[in-house]
Amino acid sequence: MAKQKTSRIKRAENNIETIASEVQKMGHYLNLTMNTLNEYIDFKKDLSKFEKHIKETTEKNEKKVDKKEE
């Protein structure tokens, strides 16, 4: 049997899904950046304490993500 080519509509749908996924990722990164900046501002710009705080919150968030993926 010969392989069938995907239709233009199907390819366009796949491209749209891919673009939507990338936009969602960019939104997530923007949200993460804004949250980080807000935490920094709230932390009164003490860099060493802020870096420690970010490391702790990152570990907490990674644990939450790992639990959700399971």
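What percentage of the 70 residues of the chain count as buried? In this predicted model, the figure is 3%.

**Figure 1. Overview of the chain and its secondary structure.** The predicted model contains 2 helices and 0 strands. Helix 1 covers residues 8-42, and helix 2 covers residues 47-69. The accessible surface of the chain amounts to about 7100 Å², with carbon and sulfur atoms contributing 56% of that area. Of the 70 residues, 3% are classed as buried.

**Figure 2. Helix 1 and the residue that follows its end.** Helix 1 comprises 35 residues. From its first C-alpha to its last, helix 1 reaches 51 Å, close to the 51 Å expected at 1.5 Å a residue. Just after helix 1, Lys44 adopts a positive phi of about 65 degrees.

**Figure 3. Salt bridge between Glu22 and Lys25.** A search of the whole structure returns 1 salt bridge. The side chains of Glu22 and Lys25 meet in a salt bridge, with an N to O distance of 3.6 Å. Side chains of opposite charge can pair when their charged atoms come close. Both Glu22 and Lys25 belong to helix 1, where they are 3 residues apart, about one turn of the helix. Glu22 has a relative accessible area of 40% and is therefore partly exposed. Lys25, with a relative accessible area of 43%, is likewise classed as partly exposed.

**Figure 4. Nonpolar surface patch around Met34.** Leu30, Met34 and Leu37 make up a nonpolar patch on the surface. Together, these three residues present about 280 Å² of accessible area. Met34 is located in helix 1. The relative accessibility of Met34 is 39%, so this residue counts as partly exposed, since that class lies between the limits of 20% and 50%.

**Figure 5. Negative surface patch around Glu59.** Which residues form the negative surface patch? The patch consists of Glu56, Glu59, Glu62 and Asp66. Glu59 is placed in helix 2, which runs over residues 47-69. Because its relative accessible area is 39%, Glu59 counts as partly exposed.

Key
Residues numbered from 1 in each chain as written. Predicted model: local features only at pLDDT ≥ 70, side-chain atom pairs only at ≥ 80, totals over all residues. Heavy atoms only, no water. Patch = residues over 30% accessible without salt bridge, like charges linked within 9 Å, V, L, I, M, F, W, Y side chains within 5 Å. Areas by Shrake-Rupley, 256 points an atom, 1.4 Å probe, with all protein chains shown as cover. Salt bridge = Lys/Arg side-chain N within 4 Å of Asp/Glu carboxyl O. Helix = DSSP H or I, 4+ residues; strand = E, 2+ residues; numbered from the N terminus. Buried < 20%, exposed > 50% of the residue type's maximum accessible area, 1.4 Å probe, protein only. Lys, Arg positive; Asp, Glu negative; His and termini not counted. Charge placed at Lys NZ, Arg CZ, Asp CG, Glu CD. Expected span 1.5 Å × (residues − 1).
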